[in-house]
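Thanks for coming, everyone. Let me put today's structure on the screen, and then we will walk through it.

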Amino acid sequence: MSSRVTSSSGGVSGAAAPDTPPLELVTREVVRCGWCLSTPDYIEYHDLEWGRPVHGDVALFERITLEAFQSGLSWLAILRKRENFRAAFAGFDIDAVAQFDEGDVERLMNDAGIVRNRRKIDATITNAKAARDLRDSDGYGALDALIWSFAPDQSTRPPRPCDLSQLPSQTAESNALSKELKRNGFVFVGPITMYAAMQACGLVDDHVADCHLAS
Ligand SMILES: [Zn+2]
């Protein structure tokens, strides 16, 4: 295949490197974690979001909620509904969701844009109340501080695996985070769900060894 670029911008200086491959070719040739290769949605999420540090109580409340909704489904299903979730759950405003009542639950159960699972909807309201209580007792940023206190020391991490199958589904830290959140009143925060959240929110960096984002 040719990697030669044809000028399409009027040849301002004529100095473009002749062997620079077209952008599309670069995109195809970049090596990524295997889990994201099935759709462009996943590739974009992998490249721009997954594993990058997420901070802030609202952002983390959203991530915990979406991971809980993901349980039993594909992440892709959740990702494609994410904007609908944001609209349905008041932008994941913790105080607003904590005040959701039975009428809101019925509204959400009739919202075809989200996952209509009453237990998960109830859990989201429960978790908003828990996040609100945590903030009221420990101040703004309390949920962020709690979650990030379970980030393992990256300097002692084992070598990156070459294959997704070698990644853990839960760890001692995800179990400890799960227990601490439950102790604070959170539900639907099991150790496997919490490990997925730790990966997504950058508490751990699980890009495989040959991924272009492995540092
Ligand atoms: Zn990767």
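**A quick tour of the chain**

The chain has 11 helices and zero strands. Helices here are DSSP runs of H or I with at least four residues, strands are runs of E with at least two, and numbering starts at the N terminus. Keep in mind that this is a predicted model: local features need pLDDT of at least 70, side-chain atom pairs count only at pLDDT 80 or more, and totals for chains, interfaces and linings use all residues. Residues are numbered from 1 along each chain as its sequence is written.

How much is buried? Of the 215 residues, 23% count as buried. Buried means 20 or more other C-beta atoms within 10 Å of the residue's own; exposed means 12 or fewer; partly exposed is in between; C-beta atoms are placed from the backbone.

Now the core. The largest nonpolar core has 38 residues. Such a core is a set of buried Ala, Val, Leu, Ile, Met, Phe, Trp, Tyr and Cys residues joined through C-beta atoms within 7 Å. Phe61, Ala131, Ala197 and Met198 have the most contacts inside this core. Elements giving two or more residues to this core include helix 3, helix 8 (118-138) and helix 11 (191-200). Alanine 197 also touches Arg63, Ile64 and Glu67, leaving aside residues up to four places away in sequence. A contact means C-beta atoms, placed from the backbone, within 7 Å.

Last stop: leucine 73. Leucine 73 sits in the loop between helix 3 (57-70) and helix 4 (75-79). Buried or exposed? Leucine 73 counts as exposed, because it has 12 C-beta neighbours inside 10 Å.

Methods
Contact = placed C-beta atoms within 7 Å.
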